[in-house]
Amino acid sequence: MAAMALSISTVGVVGLGAMGSGIAQLALEAGFDTVGHEVDLARAEAARDRIAHFLTRKVEKGQLDQAVRDDAVGRLRLTTDLADLAGCEVVIEAAFEDLAVKHQLFRELEATVGAEAILATNTSALSVTEIASVLERPERAVGMHFFNPAPLMPLVEIVRAERTAEDVFEAAFELGGRLGKTPIRCTDTPGFVVNRVLIPLLNDCVRILDETGVTPADLDAGMQHGAGWPMGPCALLDLVGADVHVHASEALYEKLREPRMAPPPRLVRMLQAGKLGRKTGEGFYTYT
Ligand code: CAA
């Protein structure tokens, strides 16, 4: 599969939520024909609108030519049928973080794509090895873990699962670079590198809110101005979403059994109350 890396022209993205639409945007900006899959057309079209909006903002700010923007948006093909991903040399799965969902998708994708195609997952807290275990050729699977918001965060973790083939891993690493990211090499350990550090750290921040009685705004100002964080921990949790964070936290706790990995009760209560952050208009802060 070694020659693959240079011959990627069509990238598939499965799941066009916050992460998937960001990844599709990167693929379009990098010049790839891009096929975006969603469960229904309304969600797929909403993703295209988001991508078009962010690329239009780039034009307005003089960062992108109008013609380049139009070409990029024009290269996005939307579908609700996985069979339309048949021509993709790489498919990046960014669907719901549920092992059964990903197993089903990986089985169907393997039956659809070509023999040499790479199947990548953007999972943040599940095991890539476990996701790939349902494949007839698990060596074609690799992790490509982007950070939220994908178009803005420079990192992508390239995750080598137990059975990832070397040339697949290197092709994914190179693709990360072509998507404008700084790739790093990771192994398939819980939380890979960044979430292994960031999840317990954000959990500590939420516990500190309760321990100290500090307000979210003051804690955020503290970490921004005292530790140089680009945004405070509460604002970051609102961006990521309490649902996503609690789920990832639970997955890490299950594997590592470290108390700091367990989601803080305050965040679990926010999740139960539907205060997920920006996506529901209320989290630590309110959004209009
Ligand atoms: N997609 C695409 N483009 C976007 C975007 C998005 N989601 N959000 C914003 N933009 C564009 C906008 O067009 C915006 O410009 P306008 O407001 O003029 O339209 C432009 O990017 C710049 O946006 P901001 O002014 O908001 O950018 P900023 O300089 O304030 O930086 C930030 C924003 C990059 C998010 C910065 O605050 C930051 O680095 N925060 C930390 C984020 C972080 O830690 N992410 C990791 C989360 S953990 C994770 O992702 C792991 C996981 O598995 C869950």
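A nitrogen atom of the ligand lies 2.8 Å from a polar backbone atom of Asn-148, and this is a polar contact, meaning a pair of N or O atoms within 3.5 Å. The model is predicted, with local features needing pLDDT of at least 70 and side-chain atom pairs counting only at pLDDT 80 or more, while totals for chains, interfaces and linings use all residues. Residues are numbered from 1 along each chain as its sequence is written, and side-chain values use heavy atoms, with hydrogens and water left out.

| Residue and its part | Ligand atom | Distance |
|---|---|---|
| Arg-57, N or O atom of the side chain | oxygen | 2.7 Å |
| Asn-148, polar backbone atom | nitrogen | 2.8 Å |
| Asn-195, polar side-chain atom | oxygen | 3.0 Å |

On its own the ligand has 1,100 Å² of accessible area, of which the protein covers 64%, as computed by the Shrake-Rupley method with a 1.4 Å probe. Around the ligand there are 18 residues, and those that come nearest are Arg-57, Lys-61, Ser-124, His-145 and Asn-148; a residue belongs here if one of its heavy atoms lies within 4 Å of the ligand.

Elsewhere, helix H6 covers residues 166-178, where a helix is a DSSP run of H or I with at least four residues. Among the buried residues of H6 are Phe-169 and Phe-173, buried meaning under 20% relative accessible area with a 1.4 Å probe, protein chains only. Just after H6, Gly-180 takes a positive phi of about 85 degrees.

Technical notes
Helix = DSSP H or I, 4+ residues; strand = E, 2+ residues; numbered from the N terminus. Expected span 1.5 Å × (residues − 1). Buried < 20%, exposed > 50% of the residue type's maximum accessible area, 1.4 Å probe, protein only. Polar contact = N/O pair within 3.5 Å; in protein donor to acceptor, adjacent residues only side chain to side chain.
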